[in-house]
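Dear colleague,

Please find below the structure that I am handing over to you.

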Amino acid sequence: MLALTLDIAIVVLLLISLGAGLRLHSALKIIRVEGNEFQPMIQSLDKATSRAEATLGGLRKMAEDLGVKLNDEAKNTQRLINELDFMTKRADHLAEKLDGSIGKARSVDAQAAKKPQAAKSTPGDRAELTSHQPRRRAPDLEQKLKNLR
């Protein structure tokens, strides 16, 4: 009786494993059929990946080239800034010298105007006096120079 029970148990287990094997076989058959459908998609994905890698390489090269150009432009810009700074300082120095010269000229004109004039002056004296008189434009020029600072 024990042998018969063991034989029945073995037969039941064999039938269960046969059913599981058949289900597995049908699932593998479906995967094989659908796998063939996925093959074109897998190939197109592979091609897209290859194109993306090539594009990234091109973008990387362009970025490096632009970095070099920007660096050159930055150096050129800095050089121009330095030149402009030098010219501005030089112009300020020249404006100060010009301002000092204008001040000296005005003081000479003021001193000339304070000198007593003889009752009878010669035409040469009048020409000399008019040459030392300040011109109308001098105050405008002085004001413009002060505004430039």
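**Findings**

Leu-148 is placed in helix 3, which covers residues 137-148. Please note that the model is a predicted one. Leu-148 counts as exposed because its relative accessibility is 69%, and exposed means over 50%. Between Leu-148 and Ala-95 there are 53 residues of sequence separation, while their C-alpha atoms are 8.9 Å apart in space. Ala-95 itself is one of the buried residues of helix 1.

**The chain as a whole**

The chain has 3 helices and 0 strands. Its pattern along the sequence is accordingly written α-α-α. The chain comprises 149 residues, of which 3% count as buried.

**Helix 1**

Helix 1 runs over residues 2-114. At Glu-37 this helix bends by about 35 degrees, and the proline Pro-40 follows within four residues. Which residues of helix 1 are buried? They are Ala-95, Ile-102 and Asp-109.

Leu-4 also lies in helix 1. With a relative accessible area of 55%, Leu-4 is exposed, since the exposed class begins over 50%. Leu-4 contributes to a nonpolar surface patch of about 500 Å², together with Ile-8, Val-12, Leu-13 and Ile-16.

**Salt bridges**

How many salt bridges does the count come to? The count is 3. The pairs are described here in turn.

- Asp-65 and Lys-61 form a salt bridge in which the closest N and O atoms are 3.7 Å apart. Both residues belong to helix 1 and are 4 residues apart, about one turn of the helix. Asp-65 is partly exposed, at a relative accessible area of 38%, and Lys-61 is likewise partly exposed, at 49%.
- Glu-83 and Arg-79 form a salt bridge with a distance of 2.8 Å between the closest N and O atoms. Glu-83 and Arg-79 lie in helix 1, separated by 4 residues, or about one turn of the helix. The relative accessibility of Glu-83 is 36%, so Glu-83 counts as partly exposed; Arg-79, at 43%, also counts as partly exposed.
- Lys-89 and Asp-85 form a salt bridge, and their closest N and O atoms are 3.4 Å apart. These two residues are again in helix 1, 4 residues apart and about one turn of the helix. Lys-89 is exposed, with a relative accessible area of 54%, whereas Asp-85 is partly exposed, with 39%.

Why does a spacing of three or four places along an α-helix make residues point the same way? An α-helix has 3.6 residues a turn, so residues three or four places apart point the same way. The spacing of 4 residues applies to Asp-65 and Lys-61, to Glu-83 and Arg-79, and to Lys-89 and Asp-85.

Methods. Residues numbered from 1 in each chain as written. Predicted model: local features only at pLDDT ≥ 70, side-chain atom pairs only at ≥ 80, totals over all residues. Heavy atoms only, no water. Buried < 20%, exposed > 50% of the residue type's maximum accessible area, 1.4 Å probe, protein only. Bend = angle between axes of the 7 residues up to and from the residue. Patch = residues over 30% accessible without salt bridge, like charges linked within 9 Å, V, L, I, M, F, W, Y side chains within 5 Å. Areas by Shrake-Rupley, 256 points an atom, 1.4 Å probe, with all protein chains shown as cover. Salt bridge = Lys/Arg side-chain N within 4 Å of Asp/Glu carboxyl O.
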